[in-house]
Amino acid sequence: MKAITSILLFATLIIFTGCSKDGSSPMSADAGTGNMSLHFDKVNTPSNVAVITATLTRTGYSTISSNLNLLSDTSATISLSNIAAGSWHLLIQALDQSSTVTYKGETDVTIISGNITQVSLTLQQVQSGVGGIYIYVKWSSGTASNQWTDFPQNPILKTLYSNLDTYGVSLPFVLYDNGKYKMWFTNVDTYRTVGYAESSDGCTWSRTGAQPILAPGNTPVWDSGSVYSGPVIKINGMYYMYFSGSPDYSSLNNAQTGLAISQDGYIWTRKSAPVLTNSSGWEANVIATDVIKIGGIYYMYYTARQYPTYKIGLATSVDGITWVKYGTPILTATQNWEGTGVYNASIYQENGKYVMIYEGANNPNTGFGKATSTDGINWTKESTNPVFTVSNTANNWTSDIAYPCVRTIGTKTFLYYSGYNQSSGLFTLGVATKQN
């Protein structure tokens with residue numbers, strides 16, 4: 001049973017696109033249409049469900065719908081064919097015998113001729129085919145889904161093949177600002193620098209302006225070896241970047257967190273001293289990974305490392321400049337998959353709670369976990385961790401994943417992360433999404 005689960009989890013997220021664009025696959029002779037099949041497990045269907053309906057809608061196209069009567073039909077499948085290739089909105093409703101909707105779910109799907117997409121997870125084995133979408137229904141009691149859909153065109157940003165980023169790009173930090181997606185990332189070379197890119201949809205990115213936008217300090221100080229991208233927020237119309245610096249060229253040894261301020265997010269003026277300093281013990285290195293505002297207080301989540309142990313720390317500030325550490329770790333390793341620690345916390349809000357996506361300290365890095373909190377300080381981990389693993393990535397584009405950055409924008413939540421390909425030796429950036 002475990003073998004079947006593993007295979008289907010990989011297939012579930014291999015093709016379905018969260019940042020979808022109309023289009024078709026050159027692999028199919030009929031490039032304009034595709035098929036969709038809705039499958040479910042009758043054994044686990046709630047007893048009050050009598051009819052299941054599936055409806056596809058798309059601007060400029062006729063609505064497509066079909067239904068399945070569980071009381072009279074012997075099949076467990078709703079099939080729709082000759083669907084125009086491109087992005088559609090899918091609504092699934094389960095009705096009882098009095099035609100009252102008892103369950104429903106909706107998402108965006110993309111019909112790609114010549115490909116199969118599977119959505120959600122099931123333990124039921126299926127036959128292979130081409131030219132459609134297979135959707136597996138998972139009945140829910142109302143708990144938010146952990147399902148992430150990897151972008152099939154990953155990676156979204158890779159090396160320029162120059163002496164700026166010989167080994168690629170890493171550590172994405174994204175801010176949605178004035179209708180534009182903005183990303184600050186780390187160029188991986190002999191020493192590290194910070195680059196900048198923009199996007200109109202969160203998936204297709206291009207570098208903007210001269211690169212890099214932030215380089216190591218010119219004098220032998222705390223950030224003279226390398227600088228690394230960090231979270232960016234806006235305070236009183238100004239951009240605040242909490243970057244990491246180290247006197248070491250190629251590692252985060254003795255890393256501390258600094259502050260750079262900008263009017264446009266491109267030209268930066270940095271504070272001469274770090275705003276979050278390291279110390280002995282569990283905070284030998286302190287690296288900011290996200291900053292949020294709760295009430296009138298800024299919360300900075302940071303990685304605290306005393307190699308090989310990693311923990312997640314917290315500091316607070318009323319102005320974004322002077323920070324006070326919480327004093328003890330707010331998250332430590334307690335689950336087997338986490339290895340020697342937890343780190344790289346990224347925070348967003350969902351269903352009235354704060355959600356943390358974080359990384360486990362394994363080599364290679366292969367998974368992200370999830371924890372929730374009502375106050376941003378006390379966290380409860382998901383028992384089903386990790387919630388996103390390297391097996392969920394599309395088309396085997398990466399062998400390691402690291403540095404999650406999660407942002408909720410509109411009706412979608414974006415999970416940006418770094419990928420490392422062991423064959424090429426290059427770092428690149430990817431994204432996965434899920435519907436809110």
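Mentor: We take the cavity, then the salt bridges. Keep in mind that this is a predicted model.

Trainee: How many cavities of 30 Å³ or more are counted?

Mentor: Rolling a probe the size of a water molecule over the atoms shows where empty space is left. Here the count is one cavity of 30 Å³ or more. About 80 Å³ of space lies in the largest cavity.

Trainee: Which strands each supply at least two residues of its lining?

Mentor: They are β10 (169-177), β21 (285-294) and β30 (400-409). The lining residues include Phe173, Ile287 and Tyr403. By class, the lining has seven nonpolar, two polar and no charged residues.

Trainee: Now the charges. How many salt bridges are there?

Mentor: There are ten salt bridges. In one of them, Arg207 pairs with Asp165, with the closest N and O atoms 3.4 Å apart. Arg207 is in strand β13 and Asp165 in the loop between β9 and β10, so the pair ties together parts 42 residues apart in sequence.

Trainee: Is Asp165 buried or exposed?

Mentor: Buried counts as under 20% relative accessible area. Asp165 has 0%, so Asp165 is buried. Arg207 has 23%, so Arg207 counts as partly exposed.

Trainee: What does Asp223 meet in a salt bridge?

Mentor: Its partner is Arg270, at 2.8 Å, N to O. Asp223 is buried at 3%, while Arg270 is partly exposed at 28%.

Trainee: Which residues are linked in a network of salt bridges?

Mentor: Asp177, Lys182 and Lys234 are linked that way.

Technical notes:
Residues numbered from 1 in each chain as written. Predicted model: local features only at pLDDT ≥ 70, side-chain atom pairs only at ≥ 80, totals over all residues. Heavy atoms only, no water. 1 Å grid on protein atoms, 1.4 Å probe; cavity = no way out; pocket = protein on both sides within 12 Å on 5 of 7 lines; lining within 4 Å. Points joined across faces, edges and corners; volume = space filled by probe spheres on them. Helix = DSSP H or I, 4+ residues; strand = E, 2+ residues; numbered from the N terminus. Nonpolar A, V, L, I, M, F, W, Y, C, P; charged D, E, K, R; others polar. Salt bridge = Lys/Arg side-chain N within 4 Å of Asp/Glu carboxyl O. Buried < 20%, exposed > 50% of the residue type's maximum accessible area, 1.4 Å probe, protein only.
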